[in-house]
Amino acid sequence: MAWLLLIVAGLFEVGWAIGLKYTEGFTRPVATALTVTAMVLSVGLLGMAMKTLPVGTAYAVWVGVGAVGTAILGIVLFGELASPGRLVSLGLIVAGIVGLKLAS
């Protein structure tokens with residue numbers, strides 16, 4: 001259950017990272033409210049997952065899910081560069097996340 005909470009927390013991290021772009025410097029109230037809600041949910045779920053998972057593993061997976069998800073959505077939504085080096089690097093982060101899960 002803790003791993004599921006952790007993955008969902010990482011997805012909410014993606015939500016708030018992408019949401020920051022849509023707040024336009026916190027000048028758009030609805031986008032800002034949704035982004036802050038995603039922040040609170042992300043950190044709250046991370047905290048719940050850390051009740052049973054090691055802190056280093058939980059934090060690394062949370063950041064990894066957030067980083068990979070945000071980078072992929074940046075490519076899809078904002079036309080950011082999808083160079084081979086960038087994609088390989090994202091794959092290495094995913095491999096690290098899987099490795100941490102297998103080592104737990």
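In which handedness of crossing does helix 2 pass helix 3? In this predicted model, helix 2 passes helix 3 in a right-handed crossing, and the residues that form the contact are S42, V43 and L46 of helix 2 together with A58, Y59 and W62 of helix 3.

**Packing of helix 2 and helix 3**
- Helix 2 spans residues 29–49 and helix 3 spans residues 55–78, and the two pack at an angle of about 150 degrees with their axes 10 Å apart.
- Because angles over 145 degrees count as roughly antiparallel, helix 2 is roughly antiparallel to helix 3.
- Sorted by class, the residues in the contact of helix 2 with helix 3 comprise five nonpolar and one polar, with no charged residues.

**Loop between helix 1 and helix 2**
- Most residues other than glycine have a negative phi.
- E24, which lies in the loop between helix 1 (2–23) and helix 2, has a positive phi of about 50 degrees although it is not a glycine.
- F26 is also found in the loop between helix 1 and helix 2, and its phi is likewise positive, near 65 degrees, in a residue other than glycine.

**Confidence of the prediction**
- The protein chain has an average pLDDT of 96, and 100% of its residues score at least 70.
- Among the elements of the chain, helix 2 has the highest mean pLDDT, at 98, whereas helix 4 (residues 84–103) has the lowest, at 94.

Key. Residues numbered from 1 in each chain as written. Predicted model: local features only at pLDDT ≥ 70, side-chain atom pairs only at ≥ 80, totals over all residues. Heavy atoms only, no water. Axes fitted to C-alpha atoms, helices over the stretch in contact; angles between N-to-C directions. Helix = DSSP H or I, 4+ residues; strand = E, 2+ residues; numbered from the N terminus. Parallel < 35°, antiparallel > 145°, perpendicular 65-115°, else oblique. Left-handed = near helix turned anticlockwise from the far one by under 90°. Contact = heavy atoms within 4.5 Å. Nonpolar A, V, L, I, M, F, W, Y, C, P; charged D, E, K, R; others polar. pLDDT = per-residue confidence, 0-100.
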